[in-house]
Amino acid sequence: MNSVYSINIERTVLSSILFNQEEMEDIINVLKPSDFYLPAHQIVYEVMTRLYYEEMPIDEEFIIKRLSTKEVDESILLEIMTTNPITNTVGYVKEIKDSALKRELISVATMIKKVCIEDDVSAADAFETIQDEFYKIADNDNSVEFKELNLIVKDFADKFKILSQDKKPIGIRTGIRQFGDNLIFEPGDLVIIAARPSMGKTSLLLTMIKNWIKNDIGVIFDSLEMPNEKIMRRLMATINQESLTDLKRGVVKDLSKYHETLKFLSNTKNLILHDKSYVPISYLKTKVKKVLRKNPHIKVWAIDHLKYIKSKGINRALEVSEITKEMKSIAKEFGLVVVALSQLRRLDDKSTVFRPQLTDLRDSGAIEEDADIIIFPHRESYYKRTSKNEKETPINEAELIVGKNRDGESNTIKLQFNGPTNTFGDFYEVSYTNQSGDISSETEIIDDGGMSIIMD
């Protein structure tokens with residue numbers, strides 16, 4: 001038997017599907033048409049797959065009818081029909097899949113040599129291309145391992161027992177007081193924070209990250225939009241409630257607290273920060289896997305934001321769909337909460353309704369489909385300053401609109417946005433007179449929200 005294909009095994013599997021179409025229920029989760037070596041077998045299996053999804057009989061009559069417009073020699077179909085079927089196809093299906101993966105590896109080996117000898121391709125670009133090909137092969141290995149139902153029931157019962165004893169939900173709180181236990185991020189969740197420019201997407205994410213790292217919840221933060229230095233300045237403003245403008249000038253209200261926070265951020269193992277921009281999702285996936293091997297305490301992967309993830313396609317909607325599906329896959333595979341920022345469609349000049357909704361998601365409906373939770377930060381005061389020429393105060397009312405919550409309530413909470421520090425929370429202003437007689441104000445936090453985490 002050839003190590004990279006077996007016509008007899010392919011023919012036997014196709015014959016077994018004809019003999020008992022219930023075999024297709026397991027086979028379709030493992031094999032794709034391209035996994036078959038013989039082109040005619042690929043076409044026959046593709047027809048069988050379409051019939052299966054259309055809930056039509058997978059028999060000789062329907063297959064011949066569908067093949068009437070395709071270039072399949074009648075002798076090929078006759079050979080399939082006259083081949084003795086088997087009742088257990090698992091081993092044969094595995095052999096076809098293994099052979100298909102070997103053929104792809106051989107193809108990549110040839111491609112590696114070709115890419116590496118091209119003069120106009122840098123080593124970095126060659127590595128990225130090769131890496132993408134290996135990921136495609138890995139994604140093609142879509143074999144399914146079924147977990148026994150009694151084990152699934154046991155897992156559920158064990159987790160429920162923890163809940164009943166501790167009265168706390170499994171997952172990660174946002175750290176925002178108004179959400180409390182009504183919004184919990186669970187391992188495997190894809191969370192999208194989406195808004196129009198200047199609404200505070202990054203600010204909201206950093207508010208959450210501050211709460212997480214202070215409560216020993218590890219975070220990988222891919223800042224694809226801002227360099228590390230700007231993120232560190234914003235984190236300092238968020239943690240210490242310092243004005244971003246003052247930090248840019250080298251001024252702080254509390255020098256002692258400033259040094260204390262610097263020491264905390266220098267020593268914490270709960271935040272891993274990267275700022276390489278315009279990278280493919282395959283690069284991010286590789287890096288996350290590498291980081292998790294050394295840092296198993298990481299529970300959250302945050303990405304700012306989707307538009308800075310590079311893709312090779314020409315249709316942005318399809319690109320974004322591929323990106324969000326990869327993120328969801330990574331979340332499930334590693335038990336992470338993946339939080340990604342996304343842009344909403346810009347409003348036209350005649351718009352009078354500014355509140356965001358799911359249909360405003362930019363580039364792809366797949367964002368709404370793949371996400372478990374979607375949060376819209378919104379500040380009506382931002383739009384009033386242009387539409388009604390009203391000045392936006394340093395501290396103004398904000399809303400966090402939960403547009404989608406797969407396992408919970410979609411609601412809206414009201415809180416405040418502190419413009420100078422770019423922070424969401426509860427604040428109050430204290431007026432005072434300084435030595436020169438000028439009246440100033442200082443912002444303090446009422447309640448930082450509190451945190452709790454129970455991971456399974």
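In which hand does α3 pass α4 in their crossing? The crossing is right-handed. The model is predicted, and its chain has 16 helices and 15 strands. Of the 456 residues, 45% count as buried.

**Chain as a whole**

- The accessible surface of the chain is about 24,700 Å², and carbon and sulfur atoms account for 50% of that surface.
- Taking contacts between residues at least 6 apart in sequence, 68% join residues at least 24 apart.

**Helix packing: α3 and α4**

- Helix α3 covers residues 39-53 and helix α4 covers residues 60-67. Their axes come within 10 Å and cross at roughly 115°.
- With that angle, α3 and α4 are roughly perpendicular to each other.
- On the α3 side, the contact is made by Ile43, Val44, Val47, Met48, Arg50 and Leu51. On the α4 side, the residues are Phe62, Ile63, Arg66 and Leu67.

**Helix packing: α9 and α10**

- Helix α9 (residues 201-214) packs against helix α10 (residues 228-240) at an angle of about 70°, and the axes are 10 Å apart.
- This angle makes α9 roughly perpendicular to α10.
- The crossing of α9 and α10 is right-handed.
- From α9, the contact residues are Thr202, Ser203, Leu206, Thr207, Lys210 and Lys214. From α10, they are Ile231, Arg234, Leu235, Thr238 and Ile239.

**Aromatic pairs**

- The count of aromatic pairs comes to 8.
- One of them joins phenylalanine 36 and tyrosine 45, with ring centres 4.8 Å apart and 40° between the planes, a tilted arrangement.
- Phenylalanine 36 is buried, at a relative accessible area of 0%. Tyrosine 45 is likewise buried, at 0%.
- Tyrosine 278 and tyrosine 308 form an edge-to-face pair, because their planes stand at 70°, and their ring centres are 5.3 Å apart.
- This pair links distant parts of the chain, 30 residues apart. Tyrosine 278 is in the loop between β5 (271-274) and β6 (279-280), while tyrosine 308 is in the loop between β7 (298-304) and β8 (309-310).
- Tyrosine 278 counts as exposed, at 52% relative accessibility, whereas tyrosine 308 is buried, with a relative accessible area of 12%.
- Phe354, Tyr382 and Tyr383 make up one aromatic cluster.

- Asparagine 405 belongs to strand β11 (residues 395-405).
- Asparagine 405 has a relative accessibility of 11% and so counts as buried, the cut-off being under 20%.
- Leaving aside residues up to four places away in sequence, asparagine 405 touches Asn182, Leu183, Asp372, Ile373 and Ser410.
- Isoleucine 374 is 31 residues from asparagine 405 in sequence, and the C-alpha to C-alpha distance between the two is 6.8 Å.
- Asparagine 295 sits in the loop between α13 (281-294) and β7.
- Asparagine 295 is buried, with a relative accessible area of 19%.
- Between asparagine 295 and isoleucine 272 there are 23 residues of sequence separation and 9.5 Å in space, C-alpha to C-alpha.

**Backbone features**

- Most residues other than glycine have a negative phi, and most peptide bonds are trans.
- Aspartate 304 and histidine 305 are joined by a cis peptide bond, with omega about -15°. Histidine 305 is in the loop between β7 and β8.
- Serine 198 is not a glycine, yet has a positive phi of about 75°. Serine 198 is in the loop between β3 (190-195) and α9.
- Serine 198 is partly exposed, at a relative accessible area of 47%.
- Asparagine 422, also not a glycine, has a positive phi of about 55°. Asparagine 422 lies in the loop between β12 (412-418) and β13 (423-433).
- Asparagine 422 is buried, at a relative accessible area of 17%.

How values were computed
Residues are numbered from 1 along each chain as its sequence is written. This is a predicted model: local features need pLDDT of at least 70, side-chain atom pairs count only at pLDDT 80 or more; totals for chains, interfaces and linings use all residues. Side-chain values use heavy atoms; hydrogens and water are left out. Rings of Phe, Tyr and Trp (its six-membered ring) pair if their centres lie within 6.5 Å; planes under 30 degrees apart count as stacked, over 60 as edge-to-face and the rest as tilted. Buried means under 20% relative accessible area, exposed over 50%, partly exposed in between (1.4 Å probe, protein chains only). Helices (H or I, at least four residues) and strands (E, at least two) are DSSP runs, numbered from the N terminus. Contact means heavy atoms within 4.5 Å. Accessible areas come from the Shrake-Rupley method with a 1.4 Å probe; for residues, only the protein chains shown count as cover. Axes are lines fitted to C-alpha atoms, for helices over the stretch in contact, and angles run from 0 to 180 degrees between N-to-C directions. Angles under 35 degrees count as roughly parallel, over 145 as roughly antiparallel, 65 to 115 as roughly perpendicular and the rest as oblique. A crossing is left-handed if the near helix is turned anticlockwise from the far one by less than a right angle, and right-handed if clockwise.
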